[in-house]
Amino acid sequence: MKKLVFLALYTLAFFVGFSQAKDADPKLNRRLDEYMQLNEQLNFTKLLEYVHPNLFKLSSKEDILKSFEEAFNNEHIAITIDSSAVFAIGKSFLHKGSTYKKIDYFMKMQLSFKDTSVYSRADFITQMESNLQQGFPGKSVSYNEKAKVFVVTGNDIMIAIKDSPTAEWMFLGVNNNAALVQALFDKEVIEHFKLL
């Protein structure tokens, strides 16, 4: 279960963004815009149609969808994407007939607990900040005491992938988990984009 939650949060990390930067390819721009709208609507079923199938080699689409629904529709935690922005789309890289583009984006996510009594526990805030920092390495994690929310902000990247000239653009996120990056991307793609 912990693996599925991690995959859901990992996937969430590249679902976010408001497409501000534009690419020369209007089809990529359209897919990014659609992707971001679905994210705002928390329409996870449709969102997964935009995820590159390499992710589903690690866990089934059904299991990832279930993890999303459990994370966002549960009695304990409320998660929202406060703001986000795509700020750069890189040049194309061709590998084995597929086209890859690096997309840089910023994200601000808020997480709060519905049972506010948990905040009164002596070590709760420190433990949650530590857990979030581990879950989102390289991001800024803070606690807003007045609003009783944890805030995660930072820049990240995703890779847009078009497997053939007629295929739709699909997306995969990148984080600091070397094993996951190696499972999702070929060595040549990892080296070209310096993903590790």
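This is a predicted model: local features need pLDDT of at least 70, side-chain atom pairs count only at pLDDT 80 or more; totals for chains, interfaces and linings use all residues.

Trainee: What describes the geometry of a pair of aromatic rings?

Mentor: Two quantities are used, the distance of the centres and the angle of the planes. For Phe-113 and Phe-124, the centres are 5.1 Å apart and the planes stand at 80 degrees, so this pair is edge-to-face. It links distant parts of the chain: Phe-113 belongs to strand S3 (residues 98-113) and Phe-124 to helix H5 (residues 124-135), eleven residues apart. Both Phe-113 and Phe-124 are buried.

Trainee: How is the pair of Phe-124 and Phe-150 arranged?

Mentor: Phe-124 and Phe-150 are edge-to-face, with 6.2 Å from centre to centre and 65 degrees between the planes. This pair too links distant parts of the chain, since Phe-124 is in helix H5 and Phe-150 in strand S5 (residues 149-162), 26 residues apart. Phe-150 is buried, as is Phe-124.

Trainee: Which charged end sits over the ring of Tyr-50?

Mentor: That of Arg-31, which lies 3.9 Å from the centre of the Tyr-50 ring.

Trainee: Let us turn to the helices. Which residues of H5 are buried?

Mentor: Phe-124, Ile-125, Met-128 and Leu-132 are the buried residues of H5. Around the axis they cover an arc of only 95 degrees, which puts them on the same side of H5. The face turned away from this buried side carries Thr-126 and Gln-134, both exposed. Among the elements covering the buried residues of H5 are S3, strand S4 (140-144) and S5.

Trainee: How far does H5 reach from its first C-alpha to its last?

Mentor: H5, with twelve residues, reaches 16 Å, close to the 16 Å expected at 1.5 Å a residue. Helix H4 (residues 61-72) also has twelve residues. From first C-alpha to last, H4 reaches 17 Å, close to the expected 16 Å.

Trainee: Which residues are buried in H4?

Mentor: Ile-64, Leu-65, Ser-67, Phe-68, Ala-71 and Phe-72 are buried there. Viewed down the axis of H4, the buried residues fall within an arc of 155 degrees, so they line one face of the helix.

Trainee: With which residues is Phe-185 in contact, leaving aside its neighbours within four places in sequence?

Mentor: On that basis, Phe-185 contacts Ile-159, Ile-161, Leu-172, Gly-173, Val-174, Ile-190 and Leu-195. Consider Ile-159, a residue of strand S5.

Trainee: Is Ile-159 buried or exposed?

Mentor: Ile-159 has a relative accessible area of 0%, so it is buried. Leaving aside neighbours within four places in sequence, its contacts include Tyr-100, Met-170, Phe-171, Phe-193 and Leu-195.

Trainee: What may be said of the protein as a whole?

Mentor: The protein has seven helices and six strands. From the N terminus on, the order of elements is α-α-α-α-β-β-β-α-β-β-β-α-α. Of its 196 residues, 50% count as buried. Among contacts between residues at least 6 apart in sequence, 61% join residues at least 24 apart.

Trainee: Where does Lys-148 lie, and what is its phi?

Mentor: Lys-148 is in the loop between S4 and S5. Its phi is near 55 degrees, a positive value in a residue other than glycine. With a relative accessible area of 34%, Lys-148 is partly exposed.

Trainee: What is the phi of Lys-194?

Mentor: Phi of Lys-194 is near 50 degrees, again a positive value in a residue other than glycine. Lys-194 is placed in the segment after helix H7 (187-193). Its relative accessible area is 69%, so Lys-194 is exposed.

Definitions and conventions: Residues are numbered from 1 along each chain as its sequence is written. Side-chain values use heavy atoms; hydrogens and water are left out. Rings of Phe, Tyr and Trp (its six-membered ring) pair if their centres lie within 6.5 Å; planes under 30 degrees apart count as stacked, over 60 as edge-to-face and the rest as tilted. Helices (H or I, at least four residues) and strands (E, at least two) are DSSP runs, numbered from the N terminus. Buried means under 20% relative accessible area, exposed over 50%, partly exposed in between (1.4 Å probe, protein chains only). A charge sits over a ring if NZ of Lys or CZ of Arg is within 6 Å of the ring centre and within 35 degrees of the ring normal. The expected span of a helix is 1.5 Å times one less than its number of residues. The arc is that of the directions from the helix axis to the C-beta atoms. Contact means heavy atoms within 4.5 Å.
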